[in-house]
Amino acid sequence: MVAGPGAISYSTRKMERRAMQALLKRISTFTAALREGAAAFMRGAGWDCSPVRRIRAELVDYPEGKERNRRLIIFFAALCVFDYMAYSYHTDKNLFDIFPSIPSLGSQVSAPVFFPSLDGTTIVEEMRTIPLFEEEEKTARSLFEAVVQGRRFANTAAAVPVEMILRNVWIRRGPKGAPSVCVFDIEPVMAPPGTGVVRNSEALFRQALEKTVKRNIPGVERVLVLEKGAESRLWEF
């Protein structure tokens, strides 16, 4: 006697159901073994105490699946927020300082900026319009970029013949009455081959930058330019 299509389909579904039940049983056995192993590890490590058991009961062994998942998501989200707060605290960053502030069109200020001249002996002053920031470090960054770019109506590229990439800026305020220090940390400088250099231009650049920062940021008495955290000559050919 030959079985019809209905009998074959019923037999196939029955076999699939048995296979699924066997798979679920294996998963259940494996999960139970993991829980027993974790409990044994916690007992051996001395973690099988009342607070840990309570956390496990509320987050891992909670009977309702949806509620357990919701609690786990809240737990891991709170853990990520705590990690971000700890990172912000150790790096001296504001919790809400995620994106750089964009100055409005009206927040501009006219500031004196000094540039090394091409004669290798003098410093030239020029008035520039720069963005006005609340943070002094951002103002110092704008001043640094202005000095590096050179004068507006004169070709002074030979006075600063290298490309400078600013890594970070710090302004360290000392106790009341003590001088403050502004530190610029830059990447190792890059100069195209065959670049012409004005004699004494490196020292003049440092003097021009220091004078610019002192004039525009009250209280700063010393300016340092570091190359990847170390003091060295910025260019010397």
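## A buried serine in a loop

Ser117 is buried, with a relative accessible area of 10%. The cut-off explains the label: buried means under 20% relative accessible area, so 10% qualifies for Ser117. This model is predicted, and every value here is computed from it.

Where does Ser117 sit? Ser117 lies in the loop between S1 and strand S2 (123-131). The Ser117 side chain has two polar partners to look at. Another links the side chain of Ser117 to the side chain of Thr122, at 2.7 Å.

Is Leu118 buried, partly exposed or exposed? Its relative accessibility is 45%, so Leu118 counts as partly exposed. The reasoning rests on the cut-offs: buried is under 20%, exposed is over 50%, and partly exposed is in between.

Leu118 and Val198 are 80 residues apart in sequence. Their C-alpha atoms are 6.4 Å apart.

## The chain as a whole

The chain has 237 residues, and buried residues make up 25% of them. The secondary structure comes to five helices and five strands. Follow the sequence and the pattern reads α-α-α-β-β-α-β-β-α-β.

## A helix you can check

Helix H3 covers residues 65-90. How many residues does helix H3 have, and what span should they give? Helix H3 has 26 residues, and at 1.5 Å a residue they should span 38 Å. The span uses one less than the number of residues, because that is how the expected value is defined. The end C-alpha atoms of H3 are 38 Å apart, so expectation and model agree.

Most residues other than glycine have a negative phi. Two residues here go the other way. Asp92 follows H3, and its phi is positive, near 55°. Lys228 is not a glycine, yet its phi is positive too, at about 55°.

Lys228 is placed in the segment after strand S5 (220-227). Is Lys228 buried or exposed? Its relative accessible area is 54%, so Lys228 is exposed.

Val169 belongs to strand S3 (residues 166-172). At 5% relative accessibility, Val169 counts as buried. Asp185 is 16 residues away from Val169 along the chain. The C-alpha atoms of Val169 and Asp185 are separated by 6.3 Å.

Ser180 is found in strand S4 (residues 180-186). Ser180 is buried, with a relative accessible area of 4%. Along the chain, Ser180 and Val223 are 43 residues apart. Their C-alpha atoms are separated by 8.9 Å.

## Cysteines

How many disulfides are there? The count comes to zero. Cys80 is exposed, with a relative accessible area of 52%. Cys182 counts as buried, at 0% relative accessibility.

## A cavity inside

How many cavities of 30 Å³ or more does the model have? The count is one. The largest cavity has a volume of about 30 Å³. Its lining consists of Phe115, Pro116, Val147, Val148, Gly150, Thr156, Ala159 and Val160. Strand S1 (108-116) and helix H4 (136-149) are the elements that give two or more residues to this lining.

What classes of residue line the largest cavity? The lining has six nonpolar and two polar residues, with no charged residues.

Methods: Residues are numbered from 1 along each chain as its sequence is written. This is a predicted model: local features need pLDDT of at least 70, side-chain atom pairs count only at pLDDT 80 or more; totals for chains, interfaces and linings use all residues. Side-chain values use heavy atoms; hydrogens and water are left out. On a 1 Å grid over the protein atoms alone, a cavity is a set of points where a 1.4 Å probe fits but cannot get out, and a pocket is an open set with protein on both sides within 12 Å along at least five of seven lines; lining residues have an atom within 4 Å of a point. Grid points are joined across faces, edges and corners, and a volume is the space filled by probe spheres set on the points. Helices (H or I, at least four residues) and strands (E, at least two) are DSSP runs, numbered from the N terminus. Ala, Val, Leu, Ile, Met, Phe, Trp, Tyr, Cys and Pro count as nonpolar, Asp, Glu, Lys and Arg as charged, and the others, Gly among them, as polar. A disulfide is a pair of cysteine sulfur atoms within 2.5 Å. Buried means under 20% relative accessible area, exposed over 50%, partly exposed in between (1.4 Å probe, protein chains only). A polar contact is a pair of N or O atoms within 3.5 Å; within protein, one must be able to donate a hydrogen and the other to accept it, and residues adjacent in sequence count only if both atoms are side-chain atoms.
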